[in-house]
Amino acid sequence: MCHALIPKEEVQEAETNELINKIYDGSADKLFMVLLGRKKLSAEQIENLKKIVGEFE
């Protein structure tokens with residue numbers, strides 16, 4: 001039996017940072033805009049995103 005030495009969240013964060021740097025020239029807002037443009041969001045989903053963004057202000 002084996003187990004991970006690094007938590008999944010840590011790997012996700014590192015991979016996301018690498019993706020943003022490699023594909024979007026370090027611009028997280030460009031990635032965000034691409035993700036939002038891929039599908040129509042409900043009013044509830046938009047409100048949830050506003051709350052998340054508001055937590056970082």
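This is a predicted model: local features need pLDDT of at least 70, side-chain atom pairs count only at pLDDT 80 or more; totals for chains, interfaces and linings use all residues.
Residues are numbered from 1 along each chain as its sequence is written, and side-chain values use heavy atoms, with hydrogens and water left out.

How confident is the predictor? pLDDT is its confidence in each residue, from 0 to 100. The mean pLDDT of the protein chain is 89, and 100% of its residues reach 70 or more.

Now the overall shape. A compact globule of 57 residues would have a radius of gyration near 10 Å, but this chain has 15 Å. That radius is taken over C-alpha atoms, and the globule rule is 2.2 Å times the number of residues to the power 0.38. Along the principal axes, the C-alpha atoms fill a box of roughly 45 × 25 × 25 Å.

And how much of the chain is buried? Buried residues make up 7% of the 57; buried means under 20% relative accessible area, exposed means over 50%, and partly exposed is in between (1.4 Å probe, protein chains only). The chain exposes about 5500 Å², with carbon and sulfur atoms supplying 58% of it. Those areas come from the Shrake-Rupley method with a 1.4 Å probe, and for residues only the protein chains shown count as cover.

Let's walk along from the start. Ile6 is in the segment before helix 1, which is 8-23. Ile6 counts as partly exposed because its relative accessibility is 46%. Together with Leu5 and Val11, Ile6 forms a nonpolar patch on the surface, with about 320 Å² of accessible area in total. For the patch rule, residues need over 30% relative accessible area and no salt bridge; like charges are joined within 9 Å, and nonpolar side chains (Val, Leu, Ile, Met, Phe, Trp, Tyr) within 5 Å.

Next, helix 1 itself. At 1.5 Å a residue, its 16 residues should span 22 Å, and the end C-alpha atoms are 22 Å apart, so that agrees. The expected span here is 1.5 Å times one less than the number of residues. Lys22 sits in helix 1 and counts as exposed, at 64% relative accessibility. Lys22 and Val53 are 31 residues apart along the chain, and their C-alpha atoms are separated by 23 Å.

After helix 1 comes Asp25, in the loop between helix 1 and helix 2 (28-37). What is the phi of Asp25? It's near 50 degrees, a positive value in a residue other than glycine. Asp25 counts as exposed because it has 64% relative accessibility.

Moving on, Arg38 is in the loop between helix 2 and helix 3, and it's exposed, at 69% relative accessibility. The C-alpha atoms of Arg38 and Ser27 are separated by 18 Å, with the two residues eleven apart along the chain.

Last stop, helix 3. How many salt bridges does the structure hold? One, where a salt bridge is a side-chain nitrogen of Lys or Arg within 4 Å of a carboxyl oxygen of Asp or Glu. The partners are Lys50 and Glu47, at 3.5 Å, N to O. Both lie in helix 3 (residues 43-55), three residues apart, about one turn of the helix. An α-helix has 3.6 residues a turn, so residues three or four places apart point the same way. Glu47 is partly exposed, at 40% relative accessible area.

Note on methods:
Helices (H or I, at least four residues) and strands (E, at least two) are DSSP runs, numbered from the N terminus. pLDDT is the predictor's confidence in each residue, from 0 to 100.
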